[in-house]
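Please study the sequence and the three-dimensional structure shown below. The paragraphs that follow lead through selected parts of the chain.

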Amino acid sequence: MAKLTINDLELHGKRLLIRVDYNVPIEEQGGKMVINDDTRIQATLPTLKAAIDKGAKIILTAHLGRPKGKREPSLSLRPVAEKLTKIIGKNVEFCDQCVGDTATEAVSKLENGELLLLENVRYHAEEEANDLDFSKQLAAHADVYLNDAFGAAHRAHASTAGVASVITSRGGQCAAGLLMNRELQFLGEELESPQEPFVVILGGAKVSDKIKVIDRLLEKADTILIGGAMAYTFKLAKGLNVGKSLVERDKVTVAQAALDKAKERNVQFLIPTDNIVAKPIEIDGKFSFGDHHVNDNQNIPDDMEGVDIGPKSIDLFSNVIKEAKTILWNGPMGIFEDQRFSEGTFSVARAVCEATSSGAKSIIGGGDSVKALNKADLGSQVTFMSTGGGASLEFLEGKELPGVAALSDK
Ligand code: AMP
């Protein structure tokens with residue numbers, strides 16, 4: 001059922017607790033913590049502006065890194081409050097506690113349309129334990145709860161699930177922020193009955209991470225394209241030689257079952273017909289690759305590792321992608337971090353953008369595909385890029401995410 005969103009709420013003068021995803025990359029530079037990428041902060045602006053316009057008293061809660069229940073100064077959210085102040089052009093108060101008297105006092109000082117960011121909620125072990133008492137302390141700050149942190153919605157933590165249950169049991173409203181709502185719309189509703197041909201592109205390191213997604217999407221897709229190291233486990237299932245490629249030998253049966261299901265359901269299931277291979281070298285415990293070249297053969301030589309899809313596979317995959325009306329892409333085609341092995345991933349990215357400009361809906365399921373699109377400066381040319389990694393995959397598997405389940409139905 002559709003969830004309540006911020007657009008449905010009357011918020012004037014209400015204390016609004018918003019769970020945001022401010023788990024930004026941060027590092028020490030010259031004695032100061034510096035945020036390297038503010039994409040996640042920028043992504044919350046539409047929700048924050050809507051809340052300001054509605055006259056809410058805005059309390060933001062988030063986590064940063066893995067302090068494991070301890071106060072770790074390098075993981076304080078203070079630099080995020082400073083950054084948000086600059087980006088939004090309005091003062092964002094910071095409180096170095098997220099519960100207790102100091103936090104309660106900071107909340108009580110808020111006027112309509114003002115913002116307060118609470119300290120890293122993971123400084124308390126009770127957050128990840130989804131502790132009821134801690135959830136009640138967080139809930140005491142608010143009249144209404146909003147979740148805009150899709151990337152954390154697959155965890156049943158106090159700030160994602162517990163607090164929402166407490167507010168709901170008090171008769172309060174819990175709704176999705178605009179960012180969360182877009183995730184639910186594109187990863188959920190749009191893929192429920194996709195326009196055909198529906199092409200799913202999956203890559204990355206492991207079959208085990210994505211097999212449930214493959215299994216579910218085999219019910220809906222017209223074609224599944226497999227790249228990345230995942231493809232080699234499928235090659236093994238087909239009785240092909242994979243040389244020194246990264247494989248999961250214990251997942252061959254699972255891969256075989258997916259191939260059988262594809263046949264049964266008449267889903268076109270393509271794995272690379274050629275590859276870029278390279279020789280893994282170890283010198284003084286350091287790994288590198290040498291002698292990389294195209295291997296125009298389904299089998300990979302014994303001493304070589306498959307590191308990217310080859311030119312024929314790029315053509316094959318690109319032609320299928322360009323005919324698609326709906327595209328879902330998750331995972332790179334090769335070790336794209338190394339420029340020598342990035343062509344497969346970037347070619348797929350270009351084909352997805354081309355299909356999009358011809359009218360296809362392209363949905364990028366988070367993680368490294370988003371990184372690759374941004375690296376190629378193509379992020380704005382797809383329909384939707386998910387902000388979740390693990391959360392996107394679990395959602396695509398068809399699981400109900402605790403942070404979503406906890407929100408009020410419309
Ligand atoms: P995932 O998080 O499962 O999407 O995996 C992404 C990672 O898979 C990236 O860091 C890639 O370098 C890696 N990857 C993709 N293709 C290969 C390959 N052929 N061999 C080893 N690693 C790969």
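**A guided reading of the model**

Lys279 counts as partly exposed, at 32% relative accessibility. The model in which this residue is seen is a predicted one. Lys279 forms a salt bridge with Asp303, and the closest N and O atoms of the two are 3.3 Å apart. This pair links distant parts of the chain: Lys279 belongs to strand β12 (residues 275-283), while Asp303 lies in the loop between β13 (286-295) and β14 (305-309), and the two are 24 residues apart. Asp303, too, is partly exposed, with a relative accessible area of 36%.

Asp409, by contrast, is at 40% relative accessibility and counts as partly exposed.

A further salt bridge joins the side chains of Glu394 and Lys399, at 3.9 Å from N to O. Lys399 is partly exposed, with a relative accessible area of 38%.

The next topic is the division of the chain into domains. The domain assignment gives domain 1 (6-182) and domain 2 (193-396). Their C-alpha centres lie 36 Å apart. Which numbers of residues bring the two domains into contact? Six residues of domain 1 are in contact with ten residues of domain 2.

Arg182 is the residue at which domain 1 (6-182) ends in this assignment. Arg182 lies in helix α8 (residues 178-192). With a relative accessible area of 38%, Arg182 is partly exposed. Not counting residues up to four places away in sequence, Arg182 touches Thr383 and Phe384. The C-alpha atoms of Arg182 and Val80, which are 102 residues apart along the chain, are separated by 23 Å.

Attention now turns to another helix. In α2 (residues 45-53), the residues Leu45, Thr47, Leu48, Ala50 and Ala51 are buried. An α-helix has 3.6 residues a turn, so residues three or four places apart point the same way. After α2 comes Gly55, which has a positive phi, near 75 degrees.

How many cavities of 30 Å³ or more does a search of the whole structure find? The search finds one. The largest cavity has a volume of about 40 Å³. Its lining is made up of Asp21, Arg40, Ala43, Asp148, Phe150, Leu179 and Thr387. Sorted by class, this lining has three nonpolar, one polar and three charged residues.

Key:
Residues are numbered from 1 along each chain as its sequence is written. This is a predicted model: local features need pLDDT of at least 70, side-chain atom pairs count only at pLDDT 80 or more; totals for chains, interfaces and linings use all residues. Side-chain values use heavy atoms; hydrogens and water are left out. Buried means under 20% relative accessible area, exposed over 50%, partly exposed in between (1.4 Å probe, protein chains only). Helices (H or I, at least four residues) and strands (E, at least two) are DSSP runs, numbered from the N terminus. On a 1 Å grid over the protein atoms alone, a cavity is a set of points where a 1.4 Å probe fits but cannot get out, and a pocket is an open set with protein on both sides within 12 Å along at least five of seven lines; lining residues have an atom within 4 Å of a point. Grid points are joined across faces, edges and corners, and a volume is the space filled by probe spheres set on the points. Ala, Val, Leu, Ile, Met, Phe, Trp, Tyr, Cys and Pro count as nonpolar, Asp, Glu, Lys and Arg as charged, and the others, Gly among them, as polar. Contact means heavy atoms within 4.5 Å. A salt bridge is a side-chain nitrogen of Lys or Arg within 4 Å of a carboxyl oxygen of Asp or Glu. Domain bounds come from an automatic or database domain assignment.
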